[in-house]
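Biologist: Shall we walk through this one together? Please show me the chain, and I'll ask as we go.

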Amino acid sequence: MATKKPDVDPYAAVESLRAALTEAGIVLPSLRVDAASPDLKLVELGRIHADVADRLTIALRRGGLE
């Protein structure tokens, strides 16, 4: 039996993710909705520096709490 994916607005998802990342002190400048594939509702995270990837890893492991 296939599980249906929830219908999530990609623009709302981007804004929620941006807010959560900001609270953790992380900025992903390239974070945006992928306009080239609107039916797939893809979110583009973009490329980041290694130090940002490290901070993101630490925040995820801590549950976003510092």
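Biologist: Happy to start at the surface: which residues form a nonpolar patch there, and what is their accessible area together?
Modeller: Keep in mind that this is a predicted model. The patch on the surface is made of Leu-17, Val-43 and Leu-45. Together, their accessible area is about 210 Å².

Biologist: Which residues of α1 are buried, and how wide an arc do they cover around the axis?
Modeller: The buried ones in α1 are Pro-10, Val-14 and Leu-21. They sit on the same side of α1, because the arc they cover around the axis is only 45°.

Biologist: What do those buried residues of α1 pack against, and which exposed residues does the face turned away carry?
Modeller: On the buried side, the partners are β1 (32-33), β2 (43-44) and α2 (50-61). The face turned away from that side carries exposed residues, namely Ser-16, Thr-22 and Glu-23.

Biologist: How far apart are the end C-alpha atoms of α2?
Modeller: With twelve residues at 1.5 Å a residue, α2 should span 16 Å. The distance in the model agrees with that: the end C-alpha atoms are 17 Å apart.

Conventions: Residues numbered from 1 in each chain as written. Predicted model: local features only at pLDDT ≥ 70, side-chain atom pairs only at ≥ 80, totals over all residues. Heavy atoms only, no water. Buried < 20%, exposed > 50% of the residue type's maximum accessible area, 1.4 Å probe, protein only. Helix = DSSP H or I, 4+ residues; strand = E, 2+ residues; numbered from the N terminus. Arc of directions from axis to C-beta. Contact = heavy atoms within 4.5 Å. Patch = residues over 30% accessible without salt bridge, like charges linked within 9 Å, V, L, I, M, F, W, Y side chains within 5 Å. Areas by Shrake-Rupley, 256 points an atom, 1.4 Å probe, with all protein chains shown as cover. Salt bridge = Lys/Arg side-chain N within 4 Å of Asp/Glu carboxyl O. Expected span 1.5 Å × (residues − 1).
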